[in-house]
Amino acid sequence: MIRSMRIRPDLAQAARYVPGKSIPDAIKLASNESAYGPLPSVVAALTEEASGANRYPDPAGTLLRARLAARAGLQPENVMLGNGSVSLCLHLVQATCSPGDAVVFAWRSFEAYPILARTAMARAEQVPLDAGGRHDLPAMAQRIEELEAAGTRVGLVFVCNPNNPTGTVVPDEEIDAFLDRVPDDITVVLDEAYREFNEQESDGLRYLSGPAARPNVVVLRTFSKAYGLAGLRVGYGFAGEQIVDAVSAVTLPFSVTSVAQRAALASLEDDAWPELSARVEEVRSERARLIAELRALGLPVLPSQGNFVWLAEAERTPALDAFLHARRLVGRAFPEGMRLTVSSPAENDALLAALRDWAAER
Ligand SMILES: *Cc1c(COP(=O)(O)O)cnc(C)c1O
C-alpha cells in the first residue's frame, strides 16, 4: 500500500483551478486571451532581454514600477508587481488575513478567489450576484457586518469589475456607497483585469489619490488581457504604501521575470499604444456586434464590459458546450452559463454561425 503523506488534510477534497480547455485546431474562446500576439517591438525587447537570462531580475521591478506610477500620477511606493495579477490576489489575502479570517467576494466571480483564500487558510465568503449577474454590494456590506458582529474578522474584499465571468460592471455611485459602509481598515480590492475594455464607468484610480482617496482601496490590473502578454505572467496593483509594504513581506523574491518586466515596459512605450488601443477598440466593437446579434437570436446574453460575453444558459450550458466543441469552438462553461471570449472578426463570425444553429435548435 502507498503510504499516505503528511499533507494538509483540507487539501484532499479541495477544488483545483480548472484552466480553459485547449482542443487542437479549435478556436479557443475559453481564457479571455488576446487573439493577437505581442507587438513586434515587444517581441524584439523580450528577445534582447532573453540573452541576459543568466542574471536574476530586478526584484523591485524599479523601471516598471516607476513607469506605471508615473502613468497613474502616483509614486513607485504605490505600485506592486506580481507573477500575474492572480499572484497579487493571493499575496493580498496572505498580507491581510490570519488563518480563519474571512475573504468576502461575489459569486459567481473569478474562479481563483476561493482557491486563493483556501491556500492562505482564510475562509471564503461568497455573496450571490443579483438576478442580472451584477455585484450585490449592499448584500456584501451586510455580510461583512454580520461576520464581524459574529466575531469573524474580515480581512479582505474582492470586487471584480468588470466581473469575470458575467461581464457586468458596478456603477461608480454603488462603489462609493459600499466604501462608505465598509470599515475603512478593511482592504477592498477592485480587480480591474478587464479595465481597458470598460467603456462605461470610471476606474478605481480615483480612490488612490485626490479628494476621493481611500487608504483601504487596492486596484489590480494585468498585462495578460488587453496587452496580450498572458504567457509572460505580469500583473500590477496600485495601493497605499502600508498595503504595498505588507504585500512585499509575503511575495516570493524575483517572481516577475526579467523578460516579463522588459516586455511590459516595451508595451508601455508611447509608440506601442496606437496599435494596442486599436486592438482594444476592435474588441469593443466586436463585443457590441456579438451582443446585438445574440440578442436578435433570442439568446440570454448579458451586457458586457469585458473582452468576453456571457450566455446565461443555466441548465442548457453542458449541451451548448458539447454543441460548440462539435464545431471546434471552445468556450468556458460554468454551472450558470457560458463565457465566450471576444476574438478577431473571423473567429467571432465562426462563433456566430454556430450560435445561429444553436438558437434554431435549442
Ligand atoms: C485574468 C484575470 C486576472 C489575472 O490574470 P493574470 O494573468 O494572473 O494577470 C485577474 N482577475 C481576473 C478577474 C481575471 O479574469
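A: Start with the pocket definition. On a 1 Å grid over the protein atoms alone, a pocket is an open set of points with protein on both sides within 12 Å along at least five of seven lines; lining residues have an atom within 4 Å of a point. Now the ground rules. This is a predicted model, where local features need pLDDT of at least 70 and side-chain atom pairs count only at pLDDT 80 or more, while totals for chains, interfaces and linings use all residues. Residues are numbered from 1 along each chain as its sequence is written, and side-chain values use heavy atoms, with hydrogens and water left out.

Q: How many residues line the largest pocket?
A: The lining has 29 residues. Nearest the pocket centre are Tyr17, Ser31, Phe110, Lys225 and Arg233. Two elements each give two or more residues to this lining: α3 (85–96) and β11 (332–334). Helices (H or I, at least four residues) and strands (E, at least two) are DSSP runs, numbered from the N terminus. The top contributor is α3, with three residues.

Q: What volume does the largest pocket have, and which classes line it?
A: A volume is the space filled by probe spheres set on the grid points, which are joined across faces, edges and corners. Here the largest pocket holds about 540 Å³. For classes, Ala, Val, Leu, Ile, Met, Phe, Trp, Tyr, Cys and Pro count as nonpolar, Asp, Glu, Lys and Arg as charged, and the others, Gly among them, as polar. The lining has twelve nonpolar, nine polar and eight charged residues.

Q: Where is the ligand?
A: A molecule sits in a pocket if more than half of its atoms lie within 2 Å of the pocket's grid points. The ligand takes the space of the largest pocket.

Q: Which residues come nearest to the ligand?
A: A residue counts as near if one of its heavy atoms lies within 4 Å of the molecule. The ligand has 13 residues around it, and Ser85, Tyr194, Thr222, Ser224 and Lys225 come nearest. By class, this shell has five nonpolar, five polar and three charged residues.

Q: Where does the backbone have cis peptide bonds?
A: Most peptide bonds are trans. Another joins Asn164 and Pro165, with omega about 15°. Pro162 is in the loop between β5 (154–160) and α6 (172–181). Pro165 is also in the loop between β5 and α6.

Notes. 1 Å grid on protein atoms, 1.4 Å probe; cavity = no way out; pocket = protein on both sides within 12 Å on 5 of 7 lines; lining within 4 Å.
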